[in-house]
Amino acid sequence: MAKEARIIIEEKEYKFPVITGAEGEKAIDTRALRAETGYITYDEGYGNTGSCQSDVTFIDGEKGILRYRGYPIEELAEKSDFVETAYLIIYGELPTEAQLKGFSARLTRHAAVPVNMEHFFEGYPAHSHPMAILSGLMNSLTCFYPEYAANNHKEDLQNFDEVAAAALSKVRTIAAMSYRMSQGLPYIYPRRDLAYADNFLHMMFTEPYAKFVPPPEVSKALNLILLLHADHEQNCSTSTVRMVASSEANMLASVAAGICALWGPLHGGANMAVIKMLEAIHAEGDDGSTFINEVKSGEKRLMGFGHRVYKNYDPRAKIIARACETVLESLGVEDPLLDIARHLEKVALEDEYFVSRKLYPNVDFYSGIIMRAIGIPMNMFTVMFAIGRMPGWIANWKEVASHPNGRIYRPRQVYVGETTRTFVPRDKR
Ligand code: CMC
């Protein structure tokens with residue numbers, strides 16, 4: 001394997017080191033490029049840019065492989081649950097029994113949000129999007145816990161265990177509160193005796209004075225959804241978290257920015273967009289065939305399909321598609337949208353347009369159907385993604401914060417605007 005890359009610019013040859021990753025990925029280290037040559041690289045959309053070295057998550061998009069800290073997603077999905085996987089992502093190792101107990105206890109301790117925060121919800125209109133509330137309130141936590149927001153990496157790392165638990169636990173509570181507020185329902189406080197996913201379901205759906213017992217298949221499905229979203233290397237929101245963190249911003253501010261980046265329909269907002277798309281197809285009495293033609297002619301986009309990195313089946317989509325069948329069957333739910341989704345997938349996987357572009361279902365294609373089945377309202381879908389992604393954001397924030405030679409993230413640009421102009425007074429324009 002090459003140890004260096006040679007680049008010839010204006011007849012002059014320059015040598016740059018090659019970095020090889022743990023799984024054999026190769027990168028040309030161009031950090032000295034501009035200083036040595038006066039040139040920068042141009043890579044809009046960052047499709048060929050390695051922005052960091054990370055040991056959290058590995059993806060091989062060509063082969064459809066995803067591993068958290070070296071563990072295949074398929075194995076974690078089968079044998080682990082969200083809290084254990086969150087620990088793995090955040091701390092790098094699977095927890096021992098005692099470590100898991102301690103971590104869960106910390107999450108429980110941090111589950112409630114300051115009671116003053118309830119007043120914030122009163123200020124939002126009932127139709128507010130929960131992603132806006134979630135981002136705003138995650139950042140607002142820094143006002144209540146200034147000791148978690150020194151905006152100094154060294155100091156913030158000293159409180160890392162507490163802030164990480166607060167972020168992971170409170171994101172779920174704020175999410176549930178935003179739903180209750182939108183429904184005009186009283187807030188339900190977290191319970192100490194419930195596990196992470198069940199506590200979320202309790203805060204979402206418990207009726208006052210009633211005892212809530214989530215069906216085991218619902219808890220299992222929710223755990224699976226969260227676990228499958230727990231990290232995904234340098235995606236748009238995680239890169240945003242790292243970008244913000246690189247300015248020495250605290251973890252809560254950084255993840256609040258990640259929530260904003262996740263909201264868009266090309267990223268986490270896709271799970272909502274998929275259901276809207278399937279509902280529209282259903283309302284028109286189409287089985288998906290007309291819609292596929294509209295996608296091929298460029299009028300529409302098949303949401304839940306395609307990925308920047310996967311040029312093969314997204315392994316999360318395979319797991320979630322299987323879970324979709326089981327969950328709907330065990331809950332006795334018949335959803336016509338599942339039939340449309342299956343038909344769209346079948347047609348797309350055989351169609352030249354999708355085959356030649358290597359477009360396969362991604363995690364969002366089936367996740368909305370499961371969430372509908374377990375009673376999560378559609379405008380909370382992206383919020384569920386945000387709760388799930390929190391461990392990945394936390395781990396990536398930590399990597400940036402603990403980098404011994406970390407520098408602020410600051411890309412360059414190729415300026416294409418007007419060159420020097422002379423100011424003309426307003427009455428002469
Ligand atoms: N439907 C139809 N055509 C598509 C789609 C799609 N979903 N995705 C990509 N294409 C076409 C695109 O038009 C382009 O065609 P052409 O070469 O003729 O111009 C080609 O495939 C390459 O696409 P691209 O836009 O260069 O791909 P990208 O890597 O920039 O975008 C993506 C990746 C995920 C934003 C895109 O595939 C997409 O918009 N998918 C739908 C939204 C979606 O499901 N997003 C969730 C992603 S998974 C969850 C997450 O991690 O965020």
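**Exercise 1. Locate Lys358, then decide whether Lys358 is buried, exposed or partly exposed.**

Step 1. Lys358 sits in the loop that links helix H17 (352-356) with helix H18 (364-373). Helices here are DSSP runs of H or I with at least four residues, strands are runs of E with at least two, and both are numbered from the N terminus.

Step 2. A word on the model before going on: it is predicted, so local features need pLDDT of at least 70, side-chain atom pairs count only at pLDDT 80 or more, and totals for chains, interfaces and linings use all residues. Residues are numbered from 1 along each chain as its sequence is written, and side-chain values use heavy atoms, with hydrogens and water left out.

Step 3. Lys358 counts as partly exposed because its relative accessibility is 44%. The classes are buried (under 20% relative accessible area), exposed (over 50%) and partly exposed (in between), with a 1.4 Å probe and protein chains only.

Step 4. Now check the backbone: phi of Lys358 is near 55°, a positive value in a residue other than glycine. Most residues other than glycine have a negative phi.

**Exercise 2. Work out the strand order of the sheet that holds E1, and describe its two hairpins.**

Step 1. Start with the order: this open sheet of 3 strands reads E1-E2-E3, with antiparallel pairing. Strand E1 (4-9) and strand E3 (26-28) are the edge strands, each pairing on one side only. From one strand to the next, the twist averages 30°. For such angles, axes are lines fitted to C-alpha atoms (for helices over the stretch in contact), and values run from 0 to 180 degrees between N-to-C directions.

Step 2. Next, count the bridges; two strands pair if DSSP finds at least two bridges between them. E1 and E2 are joined by 6 bridges, and Ala5 has Phe16 in E2 as its bridge partner. Strand E2 (residues 12-20) is joined to E3 by 3 bridges, and Val18 has Ile28 in E3 as its bridge partner.

Step 3. Finish with the turns. The hairpin of E1 and E2 has 2 residues between the strands, and Glu10 in the turn has a positive phi of about 45°. Glu10 counts as exposed because its relative accessibility is 64%. In the hairpin of E2 and E3, 5 residues lie between the strands, and Gly24 takes a positive phi near 85°.

**Exercise 3. Describe the second largest pocket by volume and lining.**

Step 1. Its volume is about 460 Å³. A pocket is found on a 1 Å grid over the protein atoms alone, as an open set of points with protein on both sides within 12 Å along at least five of seven lines; lining residues have an atom within 4 Å of a point.

Step 2. The lining has 18 residues, and those closest to the pocket centre are Ala77, Lys220, Leu224, Ile319 and Ala323.

Step 3. Sorted by class, 7 lining residues are nonpolar, 4 polar and 7 charged. Here Ala, Val, Leu, Ile, Met, Phe, Trp, Tyr, Cys and Pro count as nonpolar, Asp, Glu, Lys and Arg as charged, and the others, Gly among them, as polar.

Step 4. Helix H2 (73-79), helix H10 (216-228) and helix H15 (315-331) each supply at least two lining residues.

Definitions and conventions
1 Å grid on protein atoms, 1.4 Å probe; cavity = no way out; pocket = protein on both sides within 12 Å on 5 of 7 lines; lining within 4 Å. Points joined across faces, edges and corners; volume = space filled by probe spheres on them.
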